[in-house]
Amino acid sequence: MDYTMIFILLSISTCFYVLISRSGRDTRLPPGPYPFPIIGNIFKLGNKPHHSLAALSKTYGPLMSLKLGTTTTIVVSSREIVKEFFSKHDVSFSGRSVPYVATAHDHYKHAMGWSQVGDHWRMLRKIYKEHLFAARQLDASHLLRKKKVQQLLDYVHDYSDSGKPVDIGHIASITTLNVLSNFVFSVDLAQYDSQSSQDFMDLVWLLFENAGRPNLADFFPVLRPLDPHGLLRKAKLYTGKLLAIVEEYISKRLQERTATSSSDASSSKDLMDLLLDMSQNEKSSINLVGIRYLVFDLFIAGTETTSSTLEWAMAELINNPEKMSKARSELEEVIRKEDRTFEESDIARLPYLQAVVKETLRLHPPVTFLLPHKATTNVEVQGYIVPKDAQILCNLWAMGQDSNVWPNAQRFEPERFLDVGIDYKGHDFELIPFGTGRRMCPGLPLADRMLHLMLGSLIYKFDWKIKGGMMDMSDKFGMTLQKNLPLMAIPVKV
Ligand code: HEM
């Protein structure tokens, strides 16, 4: 990193900043801490921005503005403001603020998560809605998930014989990844005890962690050519490696299709066949490059989020043995009566298990700030102006801690969700771990089934112990919120 160069560029940007701010600073921005010249409020972020911004919101309110270098950032931290943003002004706030690291391998041009609302984004959402996660599609693939969860239980069973601890986040991510890879390619992409699978998951986490790091190149676009922290270089490395893995599977499928002209066969088509068939249609707007990114996004958006939620849910239940017993009793009541294994169709009859998942997502929302939204026009909210191009961060973690909405907010109390009808499907603005409105997570229907199925199966079949009995419950911030130390738990057959 060339500090002299950074200094020169910062000085130039300061002059611009001063000129611009003198010539027309909007005094109707929401309240916020006083911004220092040039850097603004960058140092307020710290290494746990969800905690530091929650603390600042206590002083400046649930609609707050910060200056992060040259970027105006609006932080939203209450149910009421979320409702106003995403039900009244959803169209104006549906843009994406794209971090510099997402330019690695042109990811932002292809990914649904980084695309601006437009034809490309609509095309991708349609594929998700119609071909991936429609209820009929998911119902049809329930046996695949059952099989993958059975393999998970078999693996845990071996550990219960040896008395060794299992890395819960890791086994949950392998299971979720294999469900997704079977959906797409009809193959297992990962094995429980293989180093290459660990490497794959490590790459996904590194990518997320890298993307979540504060980056001077985002705060001062003029610094982009210098890549001051080397984050773009790293993003290129991780993205490149993961894309190469996906590319390998696509090439293999293309060869198989050429050899057997399987594109003509109508039976047993998986998503890859479907996408390749679509790409052969002249009018199709998806081509081979688009397919590569779509699959890449499925794997990275789907695994880390789902597995870290499962890990937190298990950690909370192990930490609260009476809640664990309650959840298990409910499962026994519903299933053992009929002497069979836990099925997806049982979920609707398990309100306590559902409440455990909700409570986990309230306390540990994996995508803590949603993906950063962007205002596409000036919008007046509560008498303040959210200016065009401002970045919008929605602090879900702070909302989950709001004692006006959640009595005993810091306690793990699934009971709070019994008989109240609050859900995370985007209509109850106090609980939006999957977002709300048009940018809401399209993977919710799958994540919902996977979370209940894995959690219910793991606690129905096994009791869980921790070495030493004490557990670290601190978090670490990346693009998703992970447990600081992985949950290593010993399964005991029940
Ligand atoms: C517990 C699991 C999950 C959680 C908590 C979660 C949460 C979220 C959140 C908060 C967003 C951003 C919403 C916004 O910006 O307003 C998002 C976007 C997205 N999620 Fe998920 N997600 C999960 C699982 C999945 C799965 C399983 C997939 C697919 C396999 C997926 C694919 C996506 C995609 C593609 C987007 C971008 C949508 C867009 O920008 O239009 N997610 N997710």
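Trp-121 has a side-chain N or O atom 2.8 Å from an oxygen atom of the ligand. I call that a polar contact, meaning a pair of N or O atoms within 3.5 Å. This is a predicted model, where local features need pLDDT of at least 70 and side-chain atom pairs count only at pLDDT 80 or more, while totals for chains, interfaces and linings use all residues. Residues are numbered from 1 along each chain as its sequence is written, and side-chain values use heavy atoms, with hydrogens and water left out.

Two further side chains come up here. For His-373, the distance from a side-chain N or O atom to a ligand oxygen is 2.7 Å. For Arg-439, a polar side-chain atom sits 3.0 Å from an oxygen of the ligand. Helix H5 (119-132), H13 and helix H17 (444-461) are the elements that each give two or more residues to the shell; helices are DSSP runs of H or I, at least four residues, numbered from the N terminus.

How many residues surround the ligand? There are 28, and Arg-96, Trp-121, Arg-125, His-373 and Cys-441 are the closest; a residue counts if one of its heavy atoms lies within 4 Å. H13 provides the largest share, six residues.

Now H13 itself. The axes of H13 (residues 288-319) and H14 (residues 321-335) come within 5 Å and cross at roughly 110°; axes are lines fitted to C-alpha atoms over the stretch in contact, with angles from 0 to 180 degrees between N-to-C directions. So H13 is roughly perpendicular to H14, the term for 65 to 115 degrees. Leu-317, Ile-318 and Asn-319 of H13 meet Pro-321, Lys-323 and Met-324 of H14, with contact meaning heavy atoms within 4.5 Å.

Notes
Parallel < 35°, antiparallel > 145°, perpendicular 65-115°, else oblique. Polar contact = N/O pair within 3.5 Å; in protein donor to acceptor, adjacent residues only side chain to side chain.
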